[in-house]
2 protein chains.
Amino acid sequence: MGDARRYLQLESEFAMVHGQLDAPRIAYETYGTLNNDKDNVVLIFTGLSASAHVASNREDPSTGWWEDVVGPGKPIDTQRFFAVCVCSLGSFYGSTCPASTNPKTGRSYQLEFPTLTLEDVAHGAKCVVEALGIRRLHSVVGASMGGMSALAYALQYPASVATMLNISAGAHSQPFSIAMRSLQRELVCNDPAWRDGNYPTDAPPLEGMRLARKLGMISYRSAEEWQQRFGRERVTENTQAEARWAFGMDFEVESYLAARAQSFTSAFDANCYLYLSRAMDLFDAADHGGSVQAAMSRLRLDRATVLGVQSDFLFPPSQQRELKEAMEVESIPVNYEILPSIHGHDSFLVDMNRFRPAIAKHFID
Amino acid sequence: MGDARRYLQLESEFAMVHGQLDAPRIAYETYGTLNNDKDNVVLIFTGLSASAHVASNREDPSTGWWEDVVGPGKPIDTQRFFAVCVCSLGSFYGSTCPASTNPKTGRSYQLEFPTLTLEDVAHGAKCVVEALGIRRLHSVVGASMGGMSALAYALQYPASVATMLNISAGAHSQPFSIAMRSLQRELVCNDPAWRDGNYPTDAPPLEGMRLARKLGMISYRSAEEWQQRFGRERVTENTQAEARWAFGMDFEVESYLAARAQSFTSAFDANCYLYLSRAMDLFDAADHGGSVQAAMSRLRLDRATVLGVQSDFLFPPSQQRELKEAMEVESIPVNYEILPSIHGHDSFLVDMNRFRPAIAKHFID
C-alpha cells in the first residue's frame, strides 16, 4: 500500500452528536505500509487549520505540516508504522464541511451544517479506520485541536486504542482561550460580507477572516519569541505608507502580523473556521462520564505521552498536567514533558529540535 | 486648598514632540492641602481609560478609580500629602484631545491632532505642577500607561522629582502588547462608522470600539482569574438567544465580555482612544539617551518603588525587573515587588488587599 490521498465516501447517514449528515466523505492520507496484523497504525488528527497532508509523499511532494515528524526514519517512522492522517469532518480540506453541497437541498450547507463537535471529528476518523479493516490503533496522535480530537477518539472507542500521544491540548478549553476564539468568530461574523453565513463562494468575508487570523496569530505564539524576533524594530517608511488602514503601522511586529494574516485568509472557508473553532470550545472530556477523572477511567490505554510547552498560554502546562494526573490515577503510565520552547502554542510546528526527540520517545517500545 | 476639579487653561502655544497645540487645557483634580514649603506633592498619572477623578471628594462624591489608595488615612494619605491627578493630554475626560475644537479651524481636531506621545502627557502635567507653584514633587506615581507617563515625567524633568512609584509598566511596550493594541486600533478603524476619523459626535464607531474593548479586556485580566471565575459555566438559553451575533454564545465568559465591552463603548471617544493607545506603543525610555540604561542615568531620584504582578502578560514582571535593575546600576535605591495577584494587568485596580500595603510602603519615610 503506497502513499495516497484518499476519500472515504460513506454511503449512509452519519449520526452526529447534534444532528446528522447524508453520506459525508472523509479525506485522509496514508504513509507507510499496513502490516498483516494491521497493528502498526498511527492515527493522526490535525489542528484547526491543517489538512491531511502531514508530510510529502509520492502523490503530493509538497511539504506537509509535520514534515519533520512523519516519514522514513522520522519520529513516526513510516518504515515501521502505517500513518493515517485524517482531515477533520467540517474542515475545508476535503472532508464534508459547511462549504460542501447538501445533497438534500443542492445548495452548500453553510449554517445548515449541524453543530460540530470533536466527537464527530473522531467519529469520522473511526469510519476511515474501520474501512481500512483496522481493529486497534498502535497510537492515536494529535496536537492542539488534534489533541482534543485524539482524546475524543480514545474516549469513544477505548478498546481500539493502545497508546495516545497528546500534545499542547487539554481535557477542555480554558475560559481565556474560549474568549480569544469567541472574539475571533465574532470578527468574522461582524464582517458584513459574512451575510449570516450565506456569502457567495467568490465573495467571502475576507476582512473578518483577516482580523480573526491576526488575533489567532497573537494567541499561537509567545511574548518572549516576539521580543527576541522583533524587539522594537520599526517598519520602513514604505511599509508604513502601504498600511491598509489609516491610523498607521509603526513596528515590524505589526507588519509581520499583517502579512501572515493576509496569506491565510483566502485559504480557508469562513464557515468551516467558525464550526471548528466552536467545536474546540465545546469539547469537554468531562462530558464522558461527568468529570475529567470519570472520563479517564474509561480509557484502556497501555500508556500515554502528554507533551506541553512552557510558553503556551492557549493550552498552558496546567492543562497537560491535569490530563497526566487524571490518567495516572487510573494507573495509565504517562510520559509527561513540558518543553521549554519559546514559540508558544505553535511550538509543535516550529521547535522541531525539541519536539522530534520528545515524539520519537513515544514510538520506541 | 480643598478638593477640586480644575482646568489649567494655557494661554499660548504648547509644543509637542511631533507638533503643537494652540492654548490647550489640562484637567486635573487635587486632594488634600499643599503645605507652605510645597514639598508634599504626589503627582498621579492615569491609565489609558481613567479620568483625573482618582477618588471621591467634596465636589464629586462619586467613587474614583483608585478610591482605596487616595484619601485621608489611605496609602496616599491626603492628611499629609497634596495629591494631584492629571487627566492626560489627549484623553477624553476634560483635557484637550482629538475631540476638542481646534481654535484654528473651529472644527474638532480628529486626526489633525498631532501624534501624541507620553512625553507630551508628562509635559501637560508639568504645566499644571508649575501653575501650582510647585518646584519639586515628593512623588510621581502611575500604573500602566500612567507608569510610563510617570517615567517620561522623571526623564524630562529629573531635578523636579524626588521619588517615583511605578506600577505594572516598563521602559517600553513589548511586541506582544504592541500587537494586541495595534489590532485593537485596527478594529476601530475597520468600522465603516469611523470614517477615517471624521465620524460625527452622534454617530461614533461603536461597533469597532466594542470589539476593541473586548480584546482589551482579554489582555487586562489573566487566564487563571477567568478559570476561577467562570470555569466552563454555560450561559442561560435566554442569554444565548439574545446574543448580538448570529453564531451564538455558549459560555459565561463570552457573556461577561459582551456586557463589559458594551458599557465602556459609549464612554470614550474613539480617536482619543487611538491616540493614547498608539502613544503607549511609541513610548521608549531609550529615546532619552540612546538606551534604557542611559535614560536611567538621567534620573535624579532619591529612591523608587517598582511594582508588578505575576499574572500580568501585557507588562510582564521581566519589564519591571529591567527598570529596577537599570535604576540600581545608577545607584537609585529601589523597592521592587512582584505581587502574586491573579488579576493580570488590572490587578492594581482590583487586588487592593495586596496593592494597598505595597503602595503605602512607598509613602512611609
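Here is a short chat about aromatic rings in this predicted model.

In this predicted model, local features need pLDDT of at least 70, side-chain atom pairs count only at pLDDT 80 or more, and totals for chains, interfaces and linings use all residues. Residues are numbered from 1 along each chain as its sequence is written, chains are lettered from A in the order in which they are written, and side-chain values use heavy atoms, leaving out hydrogens and water.

Visitor: How many aromatic pairs are there over all chains?
Guide: Rings of Phe, Tyr and Trp (its six-membered ring) pair if their centres lie within 6.5 Å. Over all chains, that rule gives a count of 31.

Visitor: Are the planes of B:Tyr109 and B:Phe113 stacked or edge-to-face?
Guide: Planes under 30 degrees apart count as stacked, over 60 as edge-to-face and the rest as tilted. Here the centres are 5.3 Å apart and the planes at 90 degrees, so the pair is edge-to-face.

Visitor: Which helices hold B:Trp226 and B:Tyr256?
Guide: Their rings have centres 6.4 Å apart and planes at 75 degrees, so this pair is edge-to-face. Helices here are DSSP runs (H or I, at least four residues), numbered from the N terminus. The pair ties together parts 30 residues apart in sequence, because B:Trp226 lies in chain B helix H5 (residues 223-230) and B:Tyr256 in chain B helix H7 (residues 252-265).

Visitor: Over which ring does the charged end of A:Lys126 sit?
Guide: A charge sits over a ring if NZ of Lys or CZ of Arg is within 6 Å of the ring centre and within 35 degrees of the ring normal. For A:Lys126, the charged end is 5.1 Å from the centre of the ring of A:Tyr157.

Key. Helices (H or I, at least four residues) and strands (E, at least two) are DSSP runs, numbered from the N terminus.
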